[in-house]
Amino acid sequence: MENWVPNPRAKPFVPKFKYKLSHQRGITIGILTGRRCVGKFCKAGLLVVLLLTIGINLLYIFDTSTKLNRNVSTENNLPQDGSTDNTYNNQLRSIIIDVTSSRETVFVAVDGTTVLEDEGFDKNRGIHVIILSQYTGSVMAKRVFDTYSQQEDDAMVLFLNMVSDGRILVFAIKDEGTFQLKKPARDLLKSLKSDNASVLGYRDTWAFVAIKKGKKLGEKHNKAASIDVWAEKVELKVEVPLMAARENECPWPDNDEGQRRKTFCSKVEGYGSVCSCDGPAPISFKPETLHNNEISDIPVAVIASDRPHYLYRMLQTLLSVPGANPKMVTVFIDGYFEEPYAITKLFGLRGIQHTPLGLKNARISQHYKASLTATFNLHPKAQYAIVVEEDLTVSPDFFNFFSQTKHLLDEDPSLYCISAWNDQGYEHSSKDPKMLYRIETMPGLGWLLKRSLYKDELEPQWPTPEKQWDWDMWMRSAGVRKDRECVIPDISRTYHFGSKGLNMNPYFQEMYFKKHSLLTEGLIQLKDVDRMKKDEYEKLLLELIGQARPIDHSKNPCNEDFIPNDLPEGTILSVYIKMEKATDFASWKMIAKCLHLWDLDVRGFHKSMWRLFLKKYHIIIIGSPASPYSTSKPSSIEPITPTPEPVVKTKS
């Protein structure tokens, strides 16, 4: 440092910070002081926020604890016998229910949320019923009963009797709902505390809200001035206090079955003992083993829509039949309907919901196609499928029947289906549980088909959505059938119980399905199974016709003595009717009506010949000269011809 000499040319060094301090000292000190204040203020604010948060949380915890204690106290005060007396004194909250009844509209809203809105004069006539949970106010069931028509009031009574006590019941009439509302239904409504049930008249409007086995919550009724007009619209608003929900209400086992039942019963109503705490209805089955079972690996497609009670009844019988395999059953639902899907899960089955495509008959047709396609896609190794609808009860012999007949589809190319249904199999016209027939018309209603038939023939040419065709009528058409036939039993293995549907009503069910026979036995050993093959069947028919005894053709088929009563049991009788050609069905329609058989269209024939039982005798009805079997007709017999319609004379 002693030798250091400063550079006279160097610029003087001035530190910037010190420069600011020296020139702006007062301002800098103020800035530094302000920053410290802001920091301290922020810290203090955060501390206050933290303290407030802790306080709020403590208050929330205290309030929640108080409510829980109140709920436990409420639950402990509920009666243990399941009664609803005084249970609404300990409510948590209330809901507002709005109900409208009129000629063209029925409307229900819960707390401002629409749960039912049905408009239009041409559909869903009758009494609409909604079931709400008394704990949450959620919808647990919706039904409409066309009580203008017969038997619908009985269906409503049955449904309401299956609803658990304590549920909130909402009623509203759309259009007309009293023409067939008989005394038992009115008495039930009166037991629910309705003041107007006994005086509801033709075209009246009516809205009613009540608690099952509890009190009435509200009711309004307008009387129609005459039978030519509808009553004025009814609007009802009621406030309904909710109950505190019980936990572990039923001691169901904590297993898969118990969980399925608990889930179902918390959301769905109207199934009676399914949700009973003591001895609930079974939802799992252990069917009897089917020996020599040829159909254990065949998928079963259940064709369903929004008819949940039908589906429940059908699955109950299907899953309990000897040979049933739940793993092979799939329920296909036409639309995104919650209740049918919940029933499917209740039974532990696979359910698939399809997006609807097409309208009316076209929609049904497309649903069948989607279901069959999905069935074979889900089971790529399956060479067969069984198709059954949701409105059928199946016989204990259902799977046994298909197990014994399945091989015919492989061994005889002249067959294209095996059906469990006989269109002409009424209680008075069928007798032999072992007997089989071959027919030219495809019956459906529980049937077996091959993968190759569907994938190679049916699927590629299935009717498109814009065509309003019945799928089964299409299946019976000559272009699809190609001279092939179906094998059916004398006594059906299915029973059609559904009275509501697109092409079904209570009158139609009463006239054409109610008196159909259903085999109530199981494990029947069929006879002459291999004689259902084409050539063997012709030999069998010639044998039977050769043994047949012609009846007295001079008698009117509509007379009681047309079929004799005094012949030995086992006698085979022959009847010849006039048929000029294979499509000449005038005589058959007349005799079918006289004998109380299926007469809407012509079904169940083989080469212009029908087989059935009447008065314990095997009857063979032969069209002459259209049928090749008409050559057996004695020359002395004149075929029965239709009776001419009487001429109505009018005055000139």
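This report walks through a helix, the nonpolar cores and some salt bridges in a predicted model.

## Ground rules

Residues are numbered from 1 along each chain as its sequence is written. Because the model is predicted, local features need pLDDT of at least 70 and side-chain atom pairs count only at pLDDT 80 or more, while totals for chains, interfaces and linings use all residues, and side-chain values use heavy atoms, leaving out hydrogens and water.

## One side of helix H3

Let's start with H3, residues 183-191 (helices are DSSP runs of H or I, at least four residues; strands are runs of E, at least two; both are numbered from the N terminus). Its buried residues (under 20% relative accessible area, with exposed over 50% and partly exposed in between; 1.4 Å probe, protein chains only) are Ala 185, Arg 186, Leu 188 and Leu 189. They lie on the same side of H3, because they cover an arc of only 155 degrees around the axis (taken from the directions from the helix axis to the C-beta atoms).

## Two nonpolar cores

A nonpolar core is a set of buried Ala, Val, Leu, Ile, Met, Phe, Trp, Tyr and Cys residues joined through side-chain atoms within 4.5 Å. The largest one has 120 residues, and Leu 318 and Trp 610 are among those that touch the most other members. A second, separate core of 23 residues includes Leu 188 and Phe 208.

## Salt bridges

Salt bridges (a side-chain nitrogen of Lys or Arg within 4 Å of a carboxyl oxygen of Asp or Glu) number 43. In one of them, Asp 165 pairs with Lys 212 at 3.9 Å between the closest N and O atoms. Asp 165 lies in the loop between H2 and E6 and Lys 212 in the loop between E7 and strand E8 (216-222), so this pair ties together parts 47 residues apart in sequence. Asp 165 is partly exposed at 36%, whereas Lys 212 is buried at 8%.
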